[in-house]
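Please keep the sequence and the model in view while reading.

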Amino acid sequence: MDEGETIYYSNGKEVRKITEKFIRDDAYTLTEYYFKQGRLIFAIEIIIGGPP
């Protein structure tokens, strides 16, 4: 079963952060994108589980 969600965080005018959570079978992925003045400045992805 696949399941996920995307959450947008803003200061009222522009997006500051986007968080994506995704679950597929036995793996969990969390990706976070950070923005400043409308530009991507940093992204991190964490993967837990999945095939060996």
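Glu 32 counts as buried because its relative accessibility is 17%; buried means under 20% relative accessible area, exposed over 50%, and partly exposed in between, with a 1.4 Å probe and protein chains only. The side chain of Glu 32 meets that of Lys 17 in a salt bridge, at 3.6 Å from N to O. This pair links distant parts of the chain, with Lys 17 in strand 2 and Glu 32 in strand 3, 15 residues apart. Lys 17, at 21% relative accessibility, counts as partly exposed. Strands are DSSP runs of E with at least two residues, numbered from the N terminus.

The model is predicted: local features need pLDDT of at least 70, side-chain atom pairs count only at pLDDT 80 or more, and totals for chains, interfaces and linings use all residues. Residues are numbered from 1 along each chain as its sequence is written, and side-chain values use heavy atoms, leaving out hydrogens and water.

A salt bridge here is a side-chain nitrogen of Lys or Arg within 4 Å of a carboxyl oxygen of Asp or Glu. By this rule there are four salt bridges. One of them joins Asp 2 to Arg 24 at 3.3 Å, N to O. Asp 2 belongs to strand 1 and Arg 24 to strand 2 (residues 15-24), so the pair ties together parts 22 residues apart in sequence. Another salt bridge brings together Lys 21 and Glu 5, at 3.8 Å from N to O. Since Lys 21 lies in strand 2 and Glu 5 in strand 1, this pair ties together parts that are 16 residues apart in sequence.

The four strands form an open sheet in the order 1-2-3-4, with antiparallel pairing; two strands pair if DSSP finds at least two bridges between them. At the edges are strand 1 (2-10) and strand 4 (39-49), each pairing on one side only. Strand 3 (residues 27-36) is joined to strand 4 by 10 bridges, and Glu 32 stands opposite Ile 44 in strand 4.

Ile 47 also lies in strand 4 and counts as exposed, at 54% relative accessibility. Leaving aside residues up to four places away in sequence, Ile 47 touches Tyr 28 and Thr 29, where contact means heavy atoms within 4.5 Å. Ile 46, likewise placed in strand 4, is partly exposed, with a relative accessible area of 40%.
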